[in-house]
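Please open the structure in the viewer and keep the sequence at hand.

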Amino acid sequence: MGKAHSKLSAEQLTELQRCTYFDKKELQQWYKGFMKDCPTGSLDRPSFQRIYKSFFPFGDPSAFADHVFNVFDENKNGSIDFREFISALSVTSRGRIEEKLVWSFQLYDINNDGYITREEMHQIVEAIYRMVGNMVKLPLDEDTPDKRVEKIFTLMDMNADGKLDMEEFREGSQKDPTIVQALNLYDGLV
């Protein structure tokens, strides 16, 4: 990309400082690392999956990484630019609990219709289970994706309509914080 894209402009830095929880120096460091790893200025799906594989070498993180990629890729163009990357990282690593809940809801709401169905929840839970492999010992009542989804819906689906809206998800996540713990992956990064 050459020298023109080796640094963020003053305007870009100001905007990113305004809309993230990172300061100027942190943004410059993240940008330098991002451009080193992604010289084209964007991160594609296979590269994103490789990053996840480095964090979870004993499992298969490809499906979960795919779902996370879809949330990072705000404009749905099939790649993650630096602004999308740093915005998502800001929320997942330093955001307020409400921001993390909204981000998590977007992850589970695969078709973006404002509800999380059992099937959507099952897809994410199954992807998480495949990602961690047998590295995590699960309680007997959560040792399969089916059992975990049933437990979540029993806890959260207050009106028993088979889907969760944002309010049910918010209230249920307070009762079961493991719902948003998938985001803890980023805590050690920043």
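A helix crossing is left-handed if the near helix is turned anticlockwise from the far one by less than a right angle, and right-handed if clockwise. This is a predicted model, in which local features need pLDDT of at least 70 and side-chain atom pairs count only at pLDDT 80 or more, while totals for chains, interfaces and linings use all residues. Residues are numbered from 1 along each chain as its sequence is written, and side-chain values use heavy atoms, with hydrogens and water left out.

**First selection: α4 and α6**

Select residues 62-72, which form helix α4, together with residues 97-108, which form helix α6. Helices (H or I, at least four residues) and strands (E, at least two) are DSSP runs, numbered from the N terminus. The crossing of α4 and α6 is right-handed. Their axes are 9 Å apart and the packing angle is about 120 degrees. Axes here are lines fitted to C-alpha atoms, for helices over the stretch in contact, and angles run from 0 to 180 degrees between N-to-C directions. The angle makes α4 oblique to α6; angles under 35 degrees count as roughly parallel, over 145 as roughly antiparallel, 65 to 115 as roughly perpendicular and the rest as oblique.

Now display the side chains at this crossing. From α4, the residues F64, H67, V68, V71 and F72 meet W103, Q106 and L107 of α6, contact meaning heavy atoms within 4.5 Å. By class, six of these residues are nonpolar, two are polar and none is charged. In this scheme Ala, Val, Leu, Ile, Met, Phe, Trp, Tyr, Cys and Pro count as nonpolar, Asp, Glu, Lys and Arg as charged, and the others, Gly among them, as polar.

Proceed to helix α1 (residues 10-19) and helix α2 (residues 24-37), whose axes come within 10 Å and cross at roughly 110 degrees. That angle makes α1 roughly perpendicular to α2. The crossing of α1 and α2 is right-handed. L13, L16 and Q17 of α1 make the contact with K24, L27 and Q28 of α2. Three of the contact residues are nonpolar, two polar and one charged.

Next, select T20, in the loop between α1 and α2. Is T20 buried or exposed? T20 counts as buried, because its relative accessibility is 8%; buried means under 20% relative accessible area, exposed over 50%, and partly exposed in between (1.4 Å probe, protein chains only). The side chain of T20 reaches the backbone oxygen of L16 at 2.6 Å and the backbone nitrogen of F22 at 3.2 Å. Leaving aside residues up to four places away in sequence, T20 touches L27, I86, S87 and S90.

Select K76, in the loop between α4 and β2 (79-81). Phi of K76 is near 55 degrees, a positive value in a residue other than glycine. K76 is exposed, at 51% relative accessibility.

N112 is found in the loop between α6 and β3 (116-117). Phi of N112 is near 55 degrees, again positive in a residue other than glycine. N112 counts as exposed at 53% relative accessibility.

Select K36 in helix α2, which is exposed at 69% relative accessibility.

End at Q174 in helix α9 (residues 166-175), exposed with a relative accessible area of 62%. The C-alpha atoms of Q174 and L101 are separated by 9.9 Å, although these residues are 73 residues apart along the chain.

Technical notes: Polar contact = N/O pair within 3.5 Å; in protein donor to acceptor, adjacent residues only side chain to side chain.
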